[in-house]
Amino acid sequence: MRRIMTLLVIFITAVAVFIPDLAVAAGGKAEMLIVVADKRMVEWSVSRWWVDLYNRDPFMFGLWCTIFTGLLGVTLGFITDQIMKMTGLDLTSRKIVEH
């Protein structure tokens, strides 16, 4: 009896997990989605350039996002390293000093 109950629970769980996916997959072909950012309230030139880039060329927008994210990471890492040096922690040395 316990085995039947376990199999029943597994079956109900599988139905609950897979049936919604099948229902969504059974729909018709999706139309092409075009997302346009609203630039009516954007006045600053860099922000306007960013919104225009998003609207015109999604590939270049993604490329610039990747470049800016890398530059921001390097900049924050450098600033953090300088703050650590000012507090007396030298991260460039691998010498272990124990007191």
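**Notebook: helix packing in a predicted model**

I looked up the orientation of α2 and α3 first, and the two helices are therefore oblique to each other (the class left over when under 35 degrees is roughly parallel, over 145 roughly antiparallel and 65 to 115 roughly perpendicular). Their axes come within 6 Å and cross at roughly 130 degrees, with α2 spanning residues 45-56 and α3 residues 58-86. Axes are lines fitted to C-alpha atoms over the stretch in contact, with angles from 0 to 180 degrees between N-to-C directions.

I then listed the contact (heavy atoms within 4.5 Å). Helix α2 contributes Trp49, Trp50, Leu53, Tyr54 and Arg56, while α3 contributes Pro58, Met60, Phe61, Trp64, Cys65 and Phe68. By class, I recorded ten nonpolar, no polar and one charged residues.

The model is predicted: local features need pLDDT of at least 70 and side-chain atom pairs 80 or more, whereas totals for chains, interfaces and linings use all residues. Numbering starts from 1 along each chain as its sequence is written, and side-chain values use heavy atoms, without hydrogens and water.

I checked confidence (pLDDT, from 0 to 100 for each residue). The protein chain averages 82, and 84% of the residues score at least 70.

For the fold, I noted three helices and zero strands (DSSP runs: H or I of at least four residues, E of at least two).

Finally, I noted that 6% of the 99 residues count as buried (under 20% relative accessible area, 1.4 Å probe, protein chains only).

Methods: Ala, Val, Leu, Ile, Met, Phe, Trp, Tyr, Cys and Pro count as nonpolar, Asp, Glu, Lys and Arg as charged, and the others, Gly among them, as polar. pLDDT is the predictor's confidence in each residue, from 0 to 100. Buried means under 20% relative accessible area, exposed over 50%, partly exposed in between (1.4 Å probe, protein chains only).
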